[in-house]
Protein chains: 2
Amino acid sequence: MPRSVTAFSNATVKRLRSLRDKKARRSEGLFLAEGLRIIAEARGSGRLPEIIAFSPAGAQHPLAADIIAETEATGGEAIETSPDILAKMSGKDNPQTVIAAYRQPDLSLERIDRSAAPLWIAVQALRDPGNIGTILRTGDAAGAGGLILIDECADPFSVEAVRASMGALFTQGIAAARWDEFIAWLRTGPGQLVGTSLKADHDYLDAEYQAPCFLLIGNEQQGLPADYEAACDLLVKIPMAGRADSLNAAMAAAVMAFQVKASWRG
Amino acid sequence: MPRSVTAFSNATVKRLRSLRDKKARRSEGLFLAEGLRIIAEARGSGRLPEIIAFSPAGAQHPLAADIIAETEATGGEAIETSPDILAKMSGKDNPQTVIAAYRQPDLSLERIDRSAAPLWIAVQALRDPGNIGTILRTGDAAGAGGLILIDECADPFSVEAVRASMGALFTQGIAAARWDEFIAWLRTGPGQLVGTSLKADHDYLDAEYQAPCFLLIGNEQQGLPADYEAACDLLVKIPMAGRADSLNAAMAAAVMAFQVKASWRG
């Protein structure tokens, strides 16, 4: 049976709340997901939380009740608490009625099975956690296998990234690596590395994409370093009509991912 | 010559600072843009600020110096101030070295010249100002003429929207209207209204788009109301491969806008 917790000073409350902070996420190896929609998505992907906190209203939803019971049955912790305390955990005035903490997956490249999907997205030095989450969601929609974070990127387990991913954090593979590690791993098997660059000659609509295709999206401000571009098998550009000089990184990822998919249609 | 202002209590400082608030933006008819990049984009589109504030470092850039001089020459106000005061205005610890206030344009539909561009984007009840700005930027990149905000949308002149637009707020036309006003205006001339819907039969890759094409993107949570969908000339769907059930609204706008453009290539 879930315990009822009403004190802000409760250790589990403090622990969940701490997960909004990157250092705590790293030392605990956990991350927060908020709301039944994402938590149900996680369960659909075979993932249950280690800790789940919910308001009385939250527990009334049959799906939430199932997930709470399953969490306890598999050795996790479930606490019933107040909307006030959920607000404190989430940092929002109108918190979700269910908040859960999940174990962070191992981010090593070796866990990525490139044959499992025709398309993968790799981002380099992406700074905005919202962009990371949005690209995960886009990858899910486009049928990508997952996201590879190259060099120093924003934390994919931050609250903003998890929120923007709308559950795709649980359906997409995720790995993190330095550039040299990524390239070494990539070249141990098949894989076309496709960079997007405003300096490229190939129009993205005319290019031939080969599975498994690894789309490489650069930093929001700088784009890809020149030597990273040089290591690509194909560099394409999305022609820009306007005066502002580029697409947002997440938009470029979406336009590219859907074009790669479109180009493979029979 | 620009005045030097060092007091937080200065009336111009307080006025600029107030523009982070929607009510003040509305009553003043002004909005804030931060950073030389956006302010230069505005000038490239023939727009000068009514008020410009800058740090000594900001004024050293020749382009900023030109814009400051032109602002004063056209009757605007220019103040030199400290990074501290700029931080207060922008609400950021590391403010830009130049911040400017611009007159909000008239948002009436009558100002939209549909023959000026083959593509227009319309969003309905979009709640996230970042999405509004991102879609403006995408429209600029895709060669759209502008953005039409239907029903109650987030403020396109909010700091978040201006920031996300990366200057496209100045290059794209913008209008706002209730749905019935929009439809009445649309039907006074040529225009294909294309809605995106997960319930549509037409795949977005197979559809025939006709200029001027008005892409209609619905609310982040609910999508388009059924009667709005029914009023569209064409409903298309972007097939989703994944388990999360949709694309982010800004992503859907980007994928659609670039596909419409691609479909028109010779």
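Two strands are said to pair if DSSP finds at least two bridges between them. With that rule in hand, the reader can follow the strands of this predicted model. In chain B, strand β3 (residues 51–54) and strand β4 (residues 77–80) run parallel and are joined by four bridges. One position illustrates the arrangement: B:Ala53 stands opposite B:Ile79 in β4(B). Strand β3(B) is also joined by four bridges to strand β5 (residues 98–103) of chain B, but here the two strands run antiparallel. Within this second pairing, B:Ile52 stands opposite B:Ala100 in β5(B).

Chain A shows how such pairings build a sheet. Five of its strands form an open sheet, in the order β1-β4-β3-β5-β2, and the pairing is mixed. Which strands lie at the edges of the sheet in chain A? They are β1 (3–4) and β2, each of which pairs on one side only. Strand β1(A) runs parallel to strand β4 (residues 77–80) of chain A, and two bridges join them. In this pairing, A:Arg3 has A:Ile79 of β4(A) as its bridge partner.

Helices accompany the strands. In chain A, helix α1 (residues 11–18) lies across β2, β3 (51–54), β4 and β5 (98–103), and it runs at about 100° to β3(A). In chain B, helix α1 (residues 11–18) meets another helix, α6 (residues 83–90): their axes come within 7 Å and cross at roughly 35°. Helix α1(B) contributes B:Val13, B:Leu16 and B:Arg17 to this contact, while α6(B) contributes B:Ile85, B:Lys88 and B:Met89. By class, the residues of this contact comprise four nonpolar and two charged residues, with no polar ones.

The next level of organisation is the domain. Chain A is divided into domain 1, covering 3–103, and domain 2, covering 109–263. The centres of these two domains of chain A, taken over C-alpha atoms, are separated by 31 Å. Where they meet, 13 residues of domain 1 of chain A are in contact with 10 residues of domain 2 of chain A. On the domain 1 side, the elements that give two or more residues are α2 (22–28), β2 (30–34) and α3 of chain A. This side of domain 1 has seven charged, five nonpolar and one polar residue.

Finally, the two chains may be considered together. In their interface, 28 residues of chain A are in contact with 28 residues of chain B. Which elements of chain A give two or more residues to the side that touches chain B? They are α3 (36–44), α7 (129–142), α9 (168–171) and α12 (249–263). The side of chain A that touches chain B has 15 nonpolar, eight polar and five charged residues.

The same surface serves both copies, as 100% of the contact residues of chain A recur in chain B.

Conventions
Residues are numbered from 1 along each chain as its sequence is written. Chains are lettered from A and ligands numbered from 1 in the order in which they are written. This is a predicted model: local features need pLDDT of at least 70, side-chain atom pairs count only at pLDDT 80 or more; totals for chains, interfaces and linings use all residues. Two residues are in contact if their C-beta atoms, placed from the backbone, lie within 7 Å. Ala, Val, Leu, Ile, Met, Phe, Trp, Tyr, Cys and Pro count as nonpolar, Asp, Glu, Lys and Arg as charged, and the others, Gly among them, as polar. Domain bounds come from an automatic or database domain assignment. Axes are lines fitted to C-alpha atoms, for helices over the stretch in contact, and angles run from 0 to 180 degrees between N-to-C directions.
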